[in-house]
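Hello,

Here is the structure I promised to pass on to you. Have a look at it first, and then read on for what turned up.

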Amino acid sequence: MKIRDAVESDLSAIVQIYNAAIPGRMATADLKPVSVESRLAWYREHSPYSLPIWVMESEQNIVGWLSFQLFYGRAAYQHTAEVSIYVTPDRQSCGIGQKLLQSAIARSPELRLKTLMAIIFAHNQPSLALFQKFGFQQWGYLPQVAELDGVERDVIILGLRCL
């Protein structure tokens, strides 16, 4: 398995993995599948040198991905990024998320990132455990801010200083 920078032709696989997470109501607040076309602008906002998107390949198949997203979009937050990780359903709990997150933390200094954040549903225990395993701590708790299929859900904000 190897981690590499995503290229535009990977977007179909990235979207497929993302859309596979929607029905489980654990990893995303999107309620309906997204299209490749709707994610083009998002993809193009990233670059390998600043807020990259990485894919994890296994036997030439993309089995997971990680993206860095600028936190809050204002200049004073330029050294803080939100991290999102998605893994294809048949490869979850196989260490892919761990390898992606470990790389994100290790490479944060070269990306000029001092702080990483994750915004995770409180009922998503596997993701919370993953980030906490790597030293992320709870920095915020937002009760009942999302509604998924008529159920109000809480959100936890986790953070890690990467100095």
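Let me start with the largest pocket: strand E4 (80-87) gives the largest share of its lining, 6 residues. Please keep in mind that this is a predicted model. The volume of the largest pocket is about 1,100 Å³. Its lining counts 40 residues, and those closest to the centre are Ala27, Ile85, Tyr86, Asn124 and Ser127. By class, 24 of the lining residues are nonpolar, 12 are polar and 4 are charged. Besides E4, the elements that each supply at least two lining residues include helix H3 (96-107), strand E5 (115-121) and helix H4 (125-133).

In the largest nonpolar core, which has 29 residues, Ile85 is listed with Phe68 and Phe131 as touching the most other members. Elements that give two or more residues to this core include E3, E4 and strand E7 (151-161). A separate core of 16 residues lies apart from it, with Ile17, Tyr18, Ile53 and Val55 among them. Leaving out residues up to four places away in sequence, Ile85 touches Trp65, Leu66, Gly97, Leu100, Leu101, Leu130 and Phe131.

Now to helix H2 (residues 36-44), where Arg39, Trp42 and Tyr43 are buried. Viewed down the axis of H2, these buried residues fall within an arc of 100 degrees, so they line one face of the helix. Glu37, Ala41 and Arg44, on the other side of H2, are exposed. The cover over the buried residues of H2 includes helix H1 (11-21), strand E2 (53-58) and strand E3 (61-70).

Enjoy exploring!

Definitions and conventions: Residues numbered from 1 in each chain as written. Predicted model: local features only at pLDDT ≥ 70, side-chain atom pairs only at ≥ 80, totals over all residues. Heavy atoms only, no water. Buried < 20%, exposed > 50% of the residue type's maximum accessible area, 1.4 Å probe, protein only. Helix = DSSP H or I, 4+ residues; strand = E, 2+ residues; numbered from the N terminus. Arc of directions from axis to C-beta. Contact = heavy atoms within 4.5 Å. 1 Å grid on protein atoms, 1.4 Å probe; cavity = no way out; pocket = protein on both sides within 12 Å on 5 of 7 lines; lining within 4 Å. Points joined across faces, edges and corners; volume = space filled by probe spheres on them. Nonpolar A, V, L, I, M, F, W, Y, C, P; charged D, E, K, R; others polar. Core = buried A, V, L, I, M, F, W, Y, C linked by side-chain atoms within 4.5 Å.
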